[in-house]
Amino acid sequence: WVPVALIQTAMGGTAIESWIDHTSLEAIPAGQVGAKFYRDAVAKFEVKKTAWLAAKAAFEQQVAAAKAAGQPEPAMDASLLKEPEGVKPHMLPSALFNGKVAPLQPFAVRGVLWYQGESNASDTASAKRYGDLLPLLITTWRAAWQDPALPFIVFQLPGYGAGNSKWADWPTLRAQQAATVVRTPGSALVCTIDLGERDNIHPTRKQPVGERAALAARRLIYKDTAVVAEGPRFLKAERSGSEIVLRLSHTGALTTDQSSAPVGVEIAGADGAFTTIAARLTDDALVITPPPASAGAKVTVRYAWANWPDAHVRDASGQPLAPFQTEPL
């Protein structure tokens with residue numbers, strides 16, 4: 001056994017924009033959106049704070065005038081008791097890159113474990129921008145360490161929050177995380193879709209997350225080809241007669257938690273309205289039979305596509321099939 005040191009430079013409740021240097025962030029439209037949001041928030045705060053200071057000064061003058069006239073002091077408005085709160089410093093664009101990443105650059109590192117994304121899943125537009133921001137972060141960190149191949153292990157967000165969660169679009173952000181890994185050499189995805197908790201954004205099952213990260217590191221960083229570093233992944237969709245076959249990678253002994261037919265598969269036609277559809281497992285695929293009404297029409301299929309999804313397909317090692325959505329076919 002060889003000891004491995006981990007440097008933790010983390011802060012909860014932060015957006016990815018805080019972890020990217022300012023010059024890089026302002027160089028792409030997706031980064032400019034986040035930077036402008038916070039600039040506008042700071043400007044609004046300054047207006048609010050100026051008005052609060054003026055009101056407080058006016059009240060203090062009233063108190064002084066009352067004292068001078070021997071009159072009772074006026075009652076203080078409750079809004080003057082507490083100074084308005086502005087944007088928290090750690091939420092500002094580039095703040096955490098400057099404060100918690102740049103100081104670490106003298107250290108030699110073998111790779112990065114990146115677990116973040118919740119704060120960028122507040123709406124679909126923000127979640128889609130993540131598809132530009134995560135590759136930018138990887139590129140800029142690699143440049144900071146002067147290592148264009150610095151390995152990145154990305155944790156895909158777990159299941160969390162059913163119904164009208166304020167973290168509105170986790171499925172789209174998960175898709176951006178997966179797509180980034182597919183496009184980025186020297187990266188790996190750790191699927192945690194089965195390790196979340198419906199009502200707790202901080203899942204308590206830490207050990208399985210760490211174990212999967214260790215497998216990914218052994219394969220990606222230490223080149224241990226003997227380990228199975230990830231669970232099944234969607235490869236492609238194809239029509240076969242009246243069926244649609246969803247081909248999967250890393251197959252063999254696929255099963256479900258309930259030892260029954262897989263759940264969480266949905267299909268949509270041209271109207272984009274998804275409905276649940278029955279599916280069956282083969283050795284290397286999920287197979288569905290579209291309804292007769294969709295014959296000859298383009299359809300889209302997805303699996304485990306929800307904040308808190310049904311996600312029960314896994315391989316013999318216990319790792320889950322990652323959520324996916326097909327292109328229209």
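**Entry 1: a loop residue.** I started with Lys223, which sits in the loop between helix H6 (206-220) and E4. I keep in mind throughout that this is a predicted model. Phi of Lys223 comes out near 60 degrees, a positive value in a residue other than glycine. Is Lys223 buried or exposed? I found Lys223 exposed, with a relative accessible area of 61%.

**Entry 2: another positive phi.** Next I looked up Ser94, in the loop between H2 and helix H3 (95-101). Its phi is near 75 degrees, again a positive value in a residue other than glycine. I put its relative accessible area at 2%, and because buried means under 20%, Ser94 counts as buried.

Entry 3: Pro89 has 61% relative accessibility and counts as exposed. I then checked Pro89 against Ser18: they are 71 residues apart in sequence, yet 9.6 Å apart in space, C-alpha to C-alpha.

**Entry 4: the open sheet.** In what order do the strands of the open sheet run? I read E4-E5-E10-E9, 4 strands with antiparallel pairing. Strand E4 (234-240) and strand E9 (280-281) are at the edges with a single partner strand each, so one side of each has no neighbour in the sheet. A reminder to myself: strands of a sheet pair through backbone hydrogen bonds, either parallel or antiparallel.

I went through two of the pairings. E4 and E5 are antiparallel over 6 bridges, and Ala237 stands opposite Leu246 in E5. The hairpin of E4 and E5 has 2 residues between the strands, and Gly241 there takes a positive phi near 65 degrees. Strand E5 (residues 243-248) also pairs with strand E10 (residues 285-288), antiparallel over 4 bridges. Ile244 has Ile288 as its bridge partner in E10.

**Entry 5: strand E11.** I moved on to strand E11 (residues 300-303), where Thr300 and Arg302 point one way, Val301 and Tyr303 point the other way, and all are buried.

Which strands does E11 pair with? Strand E7 (residues 265-268) is joined to E11 by 4 bridges, running antiparallel. Strand E13 (residues 324-325) pairs with E11 over 2 bridges, also in the antiparallel sense.

Thr300 is buried, with a relative accessible area of 12%. What does Thr300 touch, leaving out residues up to four places away in sequence? My list is Glu266, Ile267, Ala268, Phe274, Gln325, Thr326, Glu327 and Pro328.

**Entry 6: helix H2.** Helix H2 (residues 29-68) has 40 residues and spans 58 Å from its first C-alpha to its last, close to the 58 Å expected at 1.5 Å a residue. I listed its buried residues, among them Tyr38, Phe45, Trp52, Phe59 and Val63. An α-helix has 3.6 residues a turn, so residues three or four places apart point the same way. What do the buried residues of H2 pack against? I found helix H1 (22-25) and helix H4 (124-144). After H2 comes Gly70, with a positive phi near 70 degrees.

**Entry 7: helix H5.** Helix H5 (residues 170-183) has 14 residues and reaches 20 Å between its first and last C-alpha, close to the 20 Å expected at 1.5 Å a residue. Its buried residues include Trp170, Leu173, Arg174, Gln177 and Val181. I traced the packing of the buried residues of H5 to H4, strand E2 (152-156) and strand E3 (187-191).

**Entry 8: a surface patch.** Last, I looked for nonpolar residues on the surface. Val4, Leu6, Leu113 and Tyr222 form a nonpolar patch there, with about 440 Å² of accessible area together. Leu113 is in strand E1 (residues 112-114), and at 44% relative accessibility it counts as partly exposed.

Methods. Residues are numbered from 1 along each chain as its sequence is written. This is a predicted model: local features need pLDDT of at least 70, side-chain atom pairs count only at pLDDT 80 or more; totals for chains, interfaces and linings use all residues. Side-chain values use heavy atoms; hydrogens and water are left out. Two strands pair if DSSP finds at least two bridges between them. The expected span of a helix is 1.5 Å times one less than its number of residues. Buried means under 20% relative accessible area, exposed over 50%, partly exposed in between (1.4 Å probe, protein chains only). Contact means heavy atoms within 4.5 Å. Patches are made of residues with over 30% relative accessible area and no salt bridge: like charges are joined within 9 Å, nonpolar side chains (Val, Leu, Ile, Met, Phe, Trp, Tyr) within 5 Å. Accessible areas come from the Shrake-Rupley method with a 1.4 Å probe; for residues, only the protein chains shown count as cover. A salt bridge is a side-chain nitrogen of Lys or Arg within 4 Å of a carboxyl oxygen of Asp or Glu.
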